Amino acid sequence: MREEDLEIAIKVVIVGNGAVGKSSMIQRYCKGTFTKDYKKTIGVDFLERQIECEGEDVRLMLWDTAGQEEFDAITKAYYRGAQACVLAFSTTDRDSFDAIHSWELKVEDECGEIPTVLVQNKIDLMDQSVVDPEEADLLSRALGCRLLRTSVKEDVNVNTVFRHLASRCLAELRHQEEEYDIASNGIHPLTISAFGPMQHNQKSNHTNGTIVLRSGKLKTRKKKNVFRNACRIL
Ligand SMILES: Nc1nc2c(ncn2[C@@H]2O[C@H](COP(=O)(O)OP(=O)(O)OP(=O)(O)O)[C@@H](O)[C@H]2O)c(=O)[nH]1
């Protein structure tokens, strides 16, 4: 098998309070649809989309998690193995903005530091905004991630969110591949593992018929966890 036959798979988790528009964002991105009805997510949901990014075939696996606290125990398990994260809040919901730090901590607890984007959704309702634009900018700077303002309803900036994350992940991957080359004189040690909710120490598994190859040994950096879990799939 040639390296160009391989595809890069990125697991992205979308987190944030209930009703900020997480499910709508994933539906919009993967299916091109939008519905006004609110049906709260029970536990987790999953959709995927294939894109081309910087000359690479990338499969984005988008994990939609319930924003309601009652599902916290279930959803946390699904953060594991994620390589990127969307932190979402709503323009019209102050609590959802105030809760961003705690969502960030929950994800970091399970995944370490991964490429993240802060998303302010529902900007079509800017006239009802309860979040000062400067506050949102400050928060994104404090988190060290980019802020993107979206309207899933009007399809504004949704593609940019996922393209930005894919691009950040590819940069991390390239960086880590360079580190391998140096560390292993060009020999890439690989193990096989499955994506999805998995234990930190899980090495080999098979779910949904998808095989994910992952690097067996990475240079460890403090809490940096991009692509420690999975990168290229058949
Ligand atoms: N005006 C407006 N409404 C939106 C937008 N995005 C989502 N909504 C609406 O907001 C409501 C909640 O959207 P969901 O996508 O179900 O929210 P969620 O974050 O997945 O909620 P949970 O599943 O409870 O975590 C729905 O009625 C959507 O139609 C947007 O950009 N603008």
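I started with helix H2 (residues 72-79), where the buried residues are Thr-75, Tyr-78 and Tyr-79. These cover an arc of only 110° around the axis, so they sit on the same side of H2. For my own record, the arc is that of the directions from the helix axis to the C-beta atoms. Buried means that 20 or more other C-beta atoms lie within 10 Å of the residue's own, exposed means 12 or fewer, and partly exposed is in between, with C-beta atoms placed from the backbone. Helices (H or I, at least four residues) and strands (E, at least two) are DSSP runs, numbered from the N terminus.

Ground rules before going on. Residues are numbered from 1 along each chain as its sequence is written. This is a predicted model, where local features need pLDDT of at least 70, side-chain atom pairs count only at pLDDT 80 or more, and totals for chains, interfaces and linings use all residues.

**More on H2**

What covers the buried residues of H2? I found that the cover includes strand E1 (7-15), strand E2 (44-53), strand E3 (56-65) and helix H4 (100-111). I picked out Tyr-78, which has its place in helix H2 and is buried, with 22 other C-beta atoms within 10 Å. I also checked Tyr-78 against Ser-167: they are 89 residues apart along the chain, and their C-alpha atoms are separated by 23 Å. After H2 comes Gly-81, with a positive phi near 85°.

**Whole chain**

I counted six helices and nine strands in the chain. Of its 234 residues, 37% count as buried. I then looked at contacts (C-beta atoms, placed from the backbone, within 7 Å). Among those between residues at least 6 apart in sequence, 70% join residues at least 24 apart.

H1 itself has seven of its ten residues buried, so it is largely enclosed by the rest of the structure. I listed the buried ones as Lys-22, Ser-23, Ser-24, Met-25, Ile-26, Arg-28 and Tyr-29. H1 is followed by Gly-32, where phi is positive, near 70°.

**Core**

The largest nonpolar core has 45 residues, and Ile-10, Val-12, Val-13, Ile-14 and Cys-85 have the most contacts inside it. Elements giving two or more residues to this core are E1, H1, E3, H2, strand E4 (84-90), H4, strand E5 (116-121) and helix H6 (158-184). Such a core is a set of buried Ala, Val, Leu, Ile, Met, Phe, Trp, Tyr and Cys residues joined through C-beta atoms within 7 Å.

How many of the six residues of E5 are buried? I found six of six. Thr-116, Leu-118 and Gln-120 point one way, while Val-117, Val-119 and Asn-121 point the other way. On one side, E4 and E5 pair in the parallel sense over six bridges, and Leu-87 stands opposite Leu-118. E5 also pairs in the parallel sense with strand E6 (residues 146-149), over four bridges, and there Leu-118 has Leu-147 as its bridge partner. Pairing requires that DSSP finds at least two bridges between the strands.

Leaving aside neighbours within four places in sequence, Ile-100 is in contact with Leu-87, Phe-89, Leu-118 and Leu-139. Ile-100 counts as buried, with 23 C-beta neighbours inside 10 Å.

I noted Ala-19, with a positive phi of about 70°, in the loop between E1 and H1. Ala-19 is partly exposed, with 18 other C-beta atoms within 10 Å. Asp-155 has a positive phi near 55° and lies in the loop between E6 and H6. Asp-155 is also partly exposed, with 13 other C-beta atoms within 10 Å.

Technical notes:
Contact = placed C-beta atoms within 7 Å.
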